[in-house]
Amino acid sequence: MQEIHKVCIIDDDPIFVFGLQRFLKIAHLGDEFIHYPNGKLALEGLRGYHEEHNSLPDLILVDLNMPVMDGWQFLEHFGRELNQEGQLVFIISSSIDMADIKRAKKFPFVKEFVYKPVTSEKLKQLVAKYSDPVV
Amino acid sequence: MHGVSDLVERIQRYEQLLESTEIGTWEWNVQTGEIRINERWANLIGYSLPELQPVNSETWLRFVHPDDRVRSDQAIERHLKGETEFYECETRLRHRNGKWVWMLDKGKIVSRNKKGEPEWLMGSHLDITYRKEREELLLHYNNLLDKSNEVARIGTWELNLDTLYAKVSRITREIIEWEEEGDIPLNKGIELYKEGPSRSSVIRAINAAIETGKSFDKECQLVTGKGTEKWVRAIGIPELENGTCKRVYGLVQDITEKNRMHSELVLKEQQFRNTFENAPNGMALISPEGNWLMVNLRLCEILGYTEEELLQKSFAEITHPDDVERDVQFGMELIEGKRESYQLEKRNIHKNGSIVWTILAVSLVRDSAGIPLHFIAQINDITREKQAHLEVASLLAVTREQNDRLLNFAHIVSHNLRSHVGNFSMLLDLIKLEVPESADNDFFPLLQQSTEGLQETISHLNEVVTFNSHQFEEMDDLDLNTFVKNALNVLNAKILDAGVEIENKIPQGCLIKGLPAYLDSILINFLTNAIKYRSPERKPKIHLSAIKSDPYLILRIRDNGLGIDLNLHGAKLFGMYKTFHGNDDARGVGLFLTKNQVEAIKGKIEVDSQVNVGTTFNVYFLNAGDP
């Protein structure tokens, strides 16, 4: 399992983004964070990131309900243009609608559907699943 | 031998004479059976003599009517015995044309043998068909007259002014119920008429007939010989001889029944008219051509016209143009006999131009020969119902819209609140991690509790919202026991914790119709409730059983817990956010949702409970197989 250093958070709720970053740091799930408030800015930003680094952040966390371009649209574009083998993408959403969960399954690169609120408990489980066991 | 030639000559003369008449002759030797007939005899029944040869005793038998043969034989017998001077009988013979012709058959013994026995009989046949037919016709007419008199109850009488006695016919006697035989004296006859106007008018009429020769025709009452009161029609016609009246003859007809029927008819007509006039619904008689014949008051009110105005309108004029054709079509079908009646909802036009919604019911009356007489129409004003219906429809639309908005609102609330509350709890979590000493603050646990409470509320709210969007999914056959076991597993920790004794008596193989998620939720809710509201005074027990009650399978969940005062809480037991126990985390939304879920899979819930004894829920599921 690859180590997770760089984490991209796409969410329009700054409080959530703040809290999430703190949690992820505590859990050692990433040490460098990029934040985009909607899908459009995220796509543009990630294209630039990819050109510069010829790679993508180790983990991309995307919310579903966002203004301008929502999470679904972002995932469509991302899947077509930027996705690479082994890329980790999680959906983090307050939606508990079964329809959303089904829809998420259409994107094979989406590895997790994480419900808000994110708790330290949930993060511990994710860490166990995805981060380097040594850390 | 002069005598013989003389005799022969005489016979020939007679024969010539007879030939010129219509009389057929016959001669019959009784001893030998030899028979002779003349040409005329053969002619009477349409043959020539040679055609009937050989003539013998069978010849007559071939033609005679079987009914007359016996009579003829008897008459011959009597003559042969010497009882009669002549043989005479009217008999029918079959003519060549197939018709029966009547013959007057006469004969006499003309010679006897040496022993003195009759030898030769000579006789003649005369065609009397014409007379016989007239006689029969007369008899027939007489019978007919008698019969019609009888049927019409018409009797005849004839008053002789010389004797002042009246001859009366049988029917007259029957009508006046007069038992004494013989003619009836005038004064007694007059006394039969009922005292008062009837009697005085009859006396006046008879006097007038005698004095001025005037006929009369009166309806009056009489009291019969047996004391029965009757209505009769009395007709009298005077017969004058040289200007003086000698006789008065006339008829008497019993019209009691006719009068009674007439008055009944009048009564019925009156009743019909009353019903028609005062009916609470509009009624009309309409000619087959579509013109009003009769309209009642209510119909006038419905349409706003006076009776005179309405009678001058055709039905098409007071019908909404779009509804005329349908009405005419149905009317035609009635006339053509394709249907007995019809009913339709249509629009009429009120005198003031507004639309009146009506229900029209029409049937057709025919006479005894099946010719259409008129339509009977019943018209009910349903404008108010129609308006009410429209109002209900618009209310329903408003309600739907509001419901949609509410649902939308609930969606937004649940989503947005969830985000914020999520943040709250996340931040609290973080504070605890990063600033552990802040958790020692008195406010911190309170803040945490509030957040959790808010979170739970939102999650319930969300269940309600998602419930509404999950309807109309197809139901599966579910094994009740599998789901119960699963629910018990989920609740295992709570069950052990509270020391609940579970007794599961649900038979194997109970299949019900349902949605898996709902059944899970329903079972967990009931079981959770049963555990939560256990009595601290007893060891908690939950008994589960199932029985079949077509078309349901009833799951019974019985506990020995606190119980619910149904008198107090029954009505709101399944209401949203109702709690009945002092219990802190009592959540009413559970039962509300459960009830909705059970109903969504076409089931129902019954509850029976006694405070401090326990509660039994009977949950009806659609049965999907035999237990």
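Helices are DSSP runs of at least four residues, numbered from the N terminus. Keep that in mind for the names below. The model is predicted.

**Stop 1**

Select A:Asp100. It sits in helix α4 of chain A, residues 98-104. A salt bridge needs a nitrogen and a carboxyl oxygen within 4 Å. Now show what touches A:Asp100. Beyond four places in sequence, its contacts are A:Leu64, A:Trp72, A:Ser95 and A:Phe113.

**Stop 2: a strand under cover in chain B**

Move to B:Asn281. This residue lies in the loop between α10 (256-278) and β12 (282-286) of chain B. B:Asn281 counts as buried because its relative accessible area is 16%, and the cut-off is under 20%. Leaving aside neighbours within four places in sequence, B:Asn281 contacts B:Asn296, B:Arg298, B:Gln378, B:Ile379 and B:Asn380.

Next, select β12(B). Five of its five residues are buried. B:Gly282, B:Ala284 and B:Ile286 point one way, while B:Met283 and B:Leu285 point the other way.

Which strands does β12(B) join? One is β16 of chain B, residues 372-381, antiparallel and joined by five bridges. There, B:Gly282 has B:Ile379 as its bridge partner. Another is β13 of chain B, residues 292-295, also antiparallel, with three bridges. B:Leu285 stands opposite B:Met294 in β13(B). Follow the chain from β12(B) to β13(B): the two form a hairpin with five residues between them. In the turn, B:Gly290 has a positive phi of about 100°.

**Stop 3: a six-strand sheet**

Select the strands of the open sheet in chain B. Their order is β8-β7-β6-β11-β10-β9, with antiparallel pairing. The edges are β8 (184-185) and β9 (216-223), each pairing on one side only. Zoom in on β10 (229-241) and β11 (244-254) of chain B, which pair over ten bridges. One bridge pair to find is B:Leu240 and B:Cys245.

**Stop 4: salt bridges**

How many salt bridges does the structure hold? Over all chains, there are 32. Visit these in chain B:

- B:Arg247 and B:Glu158: the closest N and O atoms are 2.2 Å apart. This pair links strand β11 to strand β6 (residues 154-160) of chain B, across 89 residues. B:Arg247 is partly exposed, at 25% relative accessibility. B:Glu158 is also partly exposed, at 31%.
- B:Lys226 and B:Glu179: the closest N and O atoms are 3.8 Å apart. B:Lys226 is in the loop between β9 and β10 of chain B, and B:Glu179 is in the loop between α7 (170-176) and β8, 47 residues apart. Both are exposed.
- B:Arg347 and B:Asp323: the closest N and O atoms are 3.0 Å apart. B:Arg347 is in strand β14 (residues 341-349) of chain B and B:Asp323 in helix α13 (residues 321-335), 24 residues apart. B:Asp323 is buried, at 5% relative accessibility.

Then select B:Glu90, B:Arg131, B:Lys132 and B:Glu135. Salt bridges that share partners join them into one network.

**Stop 5: out to the surface**

Select B:Leu137, B:Tyr141 and B:Leu144. Together they make a nonpolar surface patch of about 290 Å². B:Leu137 belongs to helix α6 of chain B, residues 129-152. B:Leu137 is partly exposed, at 38%.

Finish at B:Leu568, in helix α19 (residues 566-569) of chain B. Is B:Leu568 buried or exposed? B:Leu568 counts as exposed because its relative accessibility is 59%. Between B:Leu568 and B:Ile235, the C-alpha to C-alpha distance is 91 Å, and they are 333 residues apart in sequence.

Key. Residues numbered from 1 in each chain as written. Chains lettered and ligands numbered in written order. Predicted model: local features only at pLDDT ≥ 70, side-chain atom pairs only at ≥ 80, totals over all residues. Heavy atoms only, no water. Buried < 20%, exposed > 50% of the residue type's maximum accessible area, 1.4 Å probe, protein only. Contact = heavy atoms within 4.5 Å. Patch = residues over 30% accessible without salt bridge, like charges linked within 9 Å, V, L, I, M, F, W, Y side chains within 5 Å. Areas by Shrake-Rupley, 256 points an atom, 1.4 Å probe, with all protein chains shown as cover. Salt bridge = Lys/Arg side-chain N within 4 Å of Asp/Glu carboxyl O. Pairing = 2+ DSSP bridges.
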